[in-house]
Amino acid sequence: MRSRRILFALAAGIILVYFLVFVRQSVGRYFDFDDMMNLGTAWEDPIFHALRPAGALFYRTIYTFAGFNPLPFRIADIAIAILNIALGAWFVKLISGSDRATALAALLFAFHPGIIDAWFRTAIIYDLLCFLFLYLAACLYIAARARGQEIGRARAAVILLSYACALESKETAVVLPAFLLAWELLFGRLRWRSGWL
């Protein structure tokens, strides 16, 4: 058991170091057109009337301290990306129960060419925030249900708050109820083979 933990920590460390080497060039990038538009629209309306308040809050908060210095924006973006890789890995671990599948999923998630924009452009922060909150909500729900626990009030409040933040980041967060229903049908109490459907 101890050797498995060491191997898992070693694999996570290697993926993290490789990811940081991979994205190091993105730290020096300046704002692009979309960033300037996002910075501008973050101040058009009061924060809670903005179309995507979570992204507007990201831009407003960092701009308050850093102005037009892109480095803090890039560092925050990469930090959220690392959290997302960890959440994606946790999700796969909860679903598969396999350390190997989890490590492979983290590796693919960190370096898949389809999401390189997310690692190199701050303007994709809406997607990163949506993923962060959506998968946090899903993992909190699944982690409890996989252990056979009911969702308590405190956990339910955190899940609902995470879901609200995901919806405030990007509209694709509407998939969470379908996610959780699919988990219940495949692995939970509502399994198809139980004759529920």
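**Aromatic and charged contacts in a predicted helical model**

Ring pairs join Y18, F19, F22, F91, F109, F111, W119, F120, F131, Y135 and F179 into a cluster; here rings of Phe, Tyr and Trp (its six-membered ring) pair if their centres lie within 6.5 Å, and planes under 30 degrees apart count as stacked, over 60 as edge-to-face and the rest as tilted. The model is a predicted one, in which local features need pLDDT of at least 70 and side-chain atom pairs pLDDT 80 or more, while totals for chains, interfaces and linings use all residues. Residues are numbered from 1 along each chain as its sequence is written, and side-chain values use heavy atoms, with hydrogens and water left out.

Across the whole structure, 20 aromatic pairs are found. One of them is the edge-to-face pair of F19 and W119, with 5.4 Å centre to centre and 90° between the planes. F19 belongs to helix 1 (residues 2–23) and W119 to helix 6 (residues 116–120), so this pair ties together parts that are 100 residues apart in sequence. Helices (H or I, at least four residues) are DSSP runs, numbered from the N terminus. Both F19 and W119 are buried, that is, under 20% relative accessible area, with exposed meaning over 50% and partly exposed in between (1.4 Å probe, protein chains only).

F19 also takes part in the packing of helix 1 on helix 4. The contact (heavy atoms within 4.5 Å) is made by L16, F19, L20 and V23 of helix 1 and by I78, A81, I82 and I85 of helix 4. Its residues divide into eight nonpolar, no polar and no charged, where Ala, Val, Leu, Ile, Met, Phe, Trp, Tyr, Cys and Pro count as nonpolar, Asp, Glu, Lys and Arg as charged, and the others, Gly among them, as polar.

Turning to charged groups, the search of the whole structure gives seven salt bridges, each a side-chain nitrogen of Lys or Arg within 4 Å of a carboxyl oxygen of Asp or Glu. In one of these, R121 pairs with D34, the closest N and O atoms being 2.7 Å apart. R121 sits in the loop between helix 6 and helix 7 and D34 in helix 2 (residues 33–41), 87 residues apart. R121 is buried at 17% relative accessibility, whereas D34 is partly exposed at 28%. Shared partners join D32, D34, D117 and R121 into one salt-bridge network.

Within helix 4, D77 and R74 are three residues apart, or about one helical turn, and form a salt bridge at 3.0 Å between the closest N and O atoms.

Key
Helix = DSSP H or I, 4+ residues; strand = E, 2+ residues; numbered from the N terminus.
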